[in-house]
Amino acid sequence: MPVARGLEGIVANSSRLSEVIGDKGQLIYAGYDINELAGKVSYEEVVYLLWNNKLPNRRELEDCRDTLRSQRQLPQGVLDFLKSAPKNAGPMDVIRTAVSMLGLYDENLDDSSPERNKDRARSITAKIGVIAAYFHRARQGKELPPVREDLGEAAHFLYLMNGEAPAQEAADTLDVAFVLHADHGTNASTFSARVTIATLSDIYSAITSAIGTLKGPLHGGANEGVIQMLEEIGSEDKVDAYIEDALAQKKKIMGIGHRVYKTLDPRAPHLQKMAMKLSAQLGDPKWINMSERIAKLMKEKKNLNANVDFYSATVYYSLGIPTDLFTPVFAIARCSGWCAHVLEQLEDNRLYRPLSEYVGEPVGKKVVPLDER
Ligand SMILES: CC(C)(COP(=O)(O)OP(=O)(O)OC[C@H]1O[C@@H](n2cnc3c(N)ncnc32)[C@H](O)[C@@H]1OP(=O)(O)O)[C@@H](O)C(=O)NCCC(=O)NCCS
């Protein structure tokens, strides 16, 4: 049987949640093209869409918002952990640990009924942003602002991170970024979540797996790599030489290329537009100019396109989000998608168990006694 390295081209499950059409550069959430949703609906509407297979009416949206907002308070044990975690710990490591800890404070962990799992999905989705922002405050020795119920998910994250409510435009920008990141077919972290829950483990374990998977630089970690690369390059006039050199050394350029999209990543133009607007407002076009040059060179030289992480990096940077919170921001938005996939997997579960091609020594070897080896 031929080996599908990296499971490329393998259809591992059916899903009603999202479709990534690589050759058309199209992303669909439950029947809606991402270009139809972005800018027209809030992140909470997308959460409802993913969890209920339809956009909410006004009352349903209010219920969904109220439920998420009422779930923001963290258990004391998790708060204590966030305050006592090493200040130099990676935020993704802290979030992974804290989400795992939430399971310890679930008094009905043995109850795996669909209703309880939906409650857990709401609880984790509501808390993951609080966890990320609180760790950021705690590592700076700052107080943890009390959670509020009058702000949407994106605005509330910025409020907790900065200790004050954000400007409407900043909240709206992050909200669109959340919409664009909420789901994406069977990407690596979502697959991790589905593999974990398919063993009939619990939802906390599944989301913990997903966070650990998203962390890697070939997946969610790429957005942090983009800013690190821009900082390393330093100025626009050094871009060409940097790319030339990196490609000669067969280094990957972060934020470029995609396993499925071989044309456009449809999320990138939305983030590109936001990055340009924010950079112009800040009067600091350096990052976006450098980014545009990198994207152009990579298209010319390798026929590779910018992906979602490429411009989200400049958007987050312009919003004043520290670089090591870029991947956490991705995790906060994707958490709703992970939960939707976990719930969907449980609706019609089958254990994931692929095969591997054995390339080890031929069978038949005899055990040599320990002292004679
Ligand atoms: C996303 C990614 C992991 C997809 O990987 P993949 O489908 O396994 O593709 P491959 O790594 O096999 O790449 C295929 C070819 O394109 C090249 N390539 C792909 N992405 C590249 C990049 N970012 N920079 C330079 N070359 C790249 C590879 O070197 C390879 O070239 P070759 O055939 O000459 O050896 C890959 O494009 C990548 O590492 N990108 C950077 C990280 C990133 O932005 N990740 C976020 C994804 S949303």
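Predicted model: local features only at pLDDT ≥ 70, side-chain atom pairs only at ≥ 80, totals over all residues.
## Ground rules

Numbering starts from 1 along each chain as its sequence is written, and side-chain values use heavy atoms, leaving out hydrogens and water.

## Two domains

The protein splits into domain 1 (18-219 + 323-347) and domain 2 (222-318), with bounds from an automatic or database domain assignment. Taken over C-alpha atoms, their centres sit 25 Å apart. Domain 1 puts 31 residues into the contact and domain 2 puts in 26, where contact means heavy atoms within 4.5 Å.

Together the two domains bury about 2200 Å², with 62% of that on carbon and sulfur atoms (accessible area, 1.4 Å probe, lost on putting the two parts together and summed over both). The interface has one salt bridge by the rule: a side-chain nitrogen of Lys or Arg within 4 Å of a carboxyl oxygen of Asp or Glu.

## A helix pair

Helix 14 (residues 286-302) packs on helix 15 (residues 308-318) at about 175 degrees, axes 10 Å apart. Helices here are DSSP runs (H or I, at least four residues), numbered from the N terminus; axes are lines fitted to C-alpha atoms over the stretch in contact, and angles run from 0 to 180 degrees between N-to-C directions. That angle makes helix 14 roughly antiparallel to helix 15 (over 145 degrees).

Helix 14 brings Trp287, Ile288, Ser291, Glu292, Ile294 and Ala295, and helix 15 answers with Phe310, Tyr311, Thr314 and Tyr317.

Technical notes
Helix = DSSP H or I, 4+ residues; strand = E, 2+ residues; numbered from the N terminus. Parallel < 35°, antiparallel > 145°, perpendicular 65-115°, else oblique.
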